[in-house]
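Here is a short report on one chain.

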Amino acid sequence: MSDRNALLRSVLHHLRVSNVTLSELINFVITQNRSHKGPNDILFQDIVTNTRAILSALDLHPATKASTTAWAHDLMRTLYSAAVRELTDTSHGWHFGARHADPAQVRDFRLDDMAGHFERLAPDLWSLMISLLGNSAKAKKGGRADSDANASDSDQYWEDEEDEEEEEDVGAHGSCGTTNANTEDRARSRQNLLTKIKSVVIISILMNSQDQQCNALQSLTGIFLHSCGAPEKLVKVLSRMGLSIAPTSIQRAIKSMSEHSADDVEDLARTLLASYAFDNLDTKLPGGIPTVDKLQDGLIHITTGTLLRLEHGVTPEDLRCGKLLWSRSENNPSPDADPRPFDARAAMRRLLTLHREPDLPDGTLSRRGRFRKWFFIRTLLKHGPPAFSHFRGQLADPETVEAIPVKKLYQVPLRAMDINLSTVSGNLKAVDAMYVQGGVGDPLQNPSVPPGGASISDLSDYVTLVHGDLGTYEHVLAAMRRRKQERTPYNRLQPVAFVFGLFHLKMAAADGIWRMLVLPDGVRGDHTSFIKLVGKLRPNDSSRLVSNAKFRERHDLITHVGELLQLDAWRVEVRKRWPTFATLEEWAASKPKLADIEEVAECLALEYTEGDGQDISQWVKGPPGEDFTAQRDQVKENTIRTLNYLFLYEELSYAMNAGDIGRVETLFAVWIQLFRAVGKHKYANLMLRFMHALYFVYPEGLRCVRPPIVHHLTLLI
């Protein structure tokens with residue numbers, strides 16, 4: 001080492017003697033002596049190899065640190081500015097013209113696409129953002145110098161920040177899913193996601209600062225704020241921060257998109273492959289000043305609607321059956337008609353024979369029993385001891401009765417209509433207004449079409465599917481009866497085929513359970529009754545929930561009480577089989593196999609819920625000639641029957657989420673009887689009327705109304 005140092009000192013001495021500075025030498029080697037920059041130029045190759053070491057030495061020395069840092073700052077500022085300018089190029093598609101805004105731009109926008117684009121075109125700028133936000137590549141590789149305790153605290157911070165709702169009990173296909181990641185992995189994954197979002201936002205602000213027309217993210221944010229009814233002051237503040245476009249630009253974008261949306265509505269409606277869904281929207285606007293002549297309560301009644309594209313191979317010819325349906329209508333006064341009046345008994349018999357199972361031997365689970373067995377297992381794996389969670393990936397979905405193929409639902413919203421749906425005439429105006437927006441109807445006799453309306457697509461021979469709630473159904477039926485003497489198909493509402501949505505059925509089912517298990521006077525006598533458990537779950541709201549519970553509250557409580565009763569059934573049966581296990585945790589510690597869990601679940605489905613293997617009506621009778629009342633376990637009877645009702649609701653929810661229309665149809669007969677039992681006769685009548693029309697009036701091609709039932713559910717949720 002001493003010889004090497006002596007040699008270097010000698011070189012430096014010769015440079016001083018020759019009046020050559022070290023900077024001149026390096027500059028000469030790099031920039032002047034271009035002919036010796038090949039692989040044989042040892043000096044140049046040495047500089048290339050050791051560039052990082054040279055720059056690090058300059059940065060570490062106190063005398064050169066300031067100038068080195070200033071040079072690096074100027075260089076990187078230039079490079080990052082150039083990267084931002086490159087991203088603002090119009091060819092990349094991040095310019096959003098408010099005057100020419102198209103709904104497709106909003107519909108097709110994906111933040112992930114934007115992030116991938118930035119990372120691909122400006123990798124240095126992207127890595128800088130990630131590093132500044134505390135999620136550098138080095139940290140991802142585990143190279144942080146933080147202690148394990150600090151890392152754990154950070155993970156807990158991100159986990160606590162998570163503000164997502166709990167996953168639905170059943171996903172889009174009802175699957176229980178694979179094993180959940182542990183808390184640390186979930187927190188880290190969320191941190192990475194939020195870092196990516198913040199990086200996109202920061203780079204978008206930089207792009208907008210360099211080119212005001214490069215405002216894709218700001219435009220989307222502004223449109224979102226408008227849809228949420230954000231105050232104008234908030235929009236202005238975010239606009240000045242670079243997070244949104246100005247309020248005037250938002251209004252121009254909304255106007256442009258409304259014009260384009262009107263074209264989209266017509267394009268879809270004229271294909272005749274669209275169904276119409278509408279509902280009332282009541283809102284109260286404060287600020288009205290009542291007078292003696294005109295009292296104002298601020299309540300406004302408007303109608304909203306949307307168009308849904310029919311999928312699953314439906315063709316216009318399938319819907320070209322208007323004349324056939326009119327000939328079969330009970331409202332048709334013609335002597336040549338072939339009316340098929342509503343027959344409740346025939347409709348119920350048809351329901352009972354749909355998707356019928358073969359006869360099963362005693363002690364064997366039916367399709368409904370197998371679903372309940374699956375649901376018992378799912379509840380144990382999801383809400384039972386954590387030791388069971390590793391079985392989740394092995395739990396298959398329940399059998400499918402008749403599933404609808406998965407298709408992405410395409411819908412186009414209609415303009416809001418200043419129409420009150422509380423009357424028959426209001427519903428007629430709404431249907432007519434939707435047809436006018438779609439450019440369909442009667443080209444000659446539609447009174448809503450101005451002169452020159454010959455471009456209206458004729459609906460005389462076709463049927464359109466119209467979705468609505470129970471009130472809509474009753475008003476449409478009344479309108480059809482009133483207009484049966486009209487001469488033209490359009491005036492007698494011949495193109496209208498009503499289809500009810502399952503979301504309203506689900507709401508009615510929740511209300512039916514409330515009428516059975518909450519509202520009757522004697523339901524609080526049993527300490528394990530539904531309402532008693534509700535009181536334990538919501539002690540501060542139990543009184544309000546009896547008479548004023550909203551649908552979402554009812555849905556959650558039905559789910560939670562059902563899970564409580566199921567876990568308690570697991571505890572009782574496990575202790576009955578293995579007396580040494582006092583709790584489910586002790587049983588889980590013994591590491592039972594999945595086959596053991598399935599065996600217990602089958603017993604639960606047979607013995608702990610009314611249905612397969614349990615008929616409470618036989619328990620009530622008892623042996624002939626004996627007073628069986630004192631021997632009955634009424635608490636057990638109530639719990640078994642309660643579980644039966646809750647399982648029926650859960651099976652309906654599962655079938656709708658999974659798109660299993662066959663399973664939904666198998667539940668219609670049960671819920672019709674329950675609705676009648678609790679006094680909801682209108683819903684029972686609605687379901688029977690629809691099934692009668694579906695299987696006794698509609699031709700085979702019009703059975704396409706079955707998938708839109710589930711589509712309407714998805715739309716409203």
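## Overall make-up

The chain's secondary structure amounts to 30 helices and 7 strands (DSSP runs numbered from the N terminus: helices are H or I, at least four residues; strands are E, at least two). The model is predicted: local features need pLDDT of at least 70, side-chain atom pairs count only at pLDDT 80 or more, and totals for chains, interfaces and linings use all residues. Residues are numbered from 1 along each chain as its sequence is written, and side-chain values use heavy atoms, leaving out hydrogens and water.

Of 717 residues, 44% count as buried (under 20% relative accessible area, 1.4 Å probe, protein chains only). Take contacts (heavy atoms within 4.5 Å) between residues at least 6 apart in sequence: 72% join residues at least 24 apart.

## Nonpolar cores

A nonpolar core is a set of buried Ala, Val, Leu, Ile, Met, Phe, Trp, Tyr and Cys residues joined through side-chain atoms within 4.5 Å. The largest has 101 residues. Phe500, Phe530, Trp570, Trp587, Phe668 and Trp671 touch the most other members. Leaving aside residues up to four places away in sequence, Trp570 touches residues including Phe376, Leu380, Trp587 and Leu604. A second, separate core holds 32 residues, among them Met129 and Ile223.

## Helix H16

H16 spans residues 344-353. Its buried residues are Ala346, Ala347, Met348 and Leu351. Their cover includes helices H28 (661-677) and H29 (681-697).

Asp343 caps the N-terminal end of H16, with a side-chain oxygen 3.2 Å from the backbone nitrogen of Arg345. His355 follows H16 and has a positive phi, near 50 degrees.

Terms used. Buried < 20%, exposed > 50% of the residue type's maximum accessible area, 1.4 Å probe, protein only. Polar contact = N/O pair within 3.5 Å; in protein donor to acceptor, adjacent residues only side chain to side chain.
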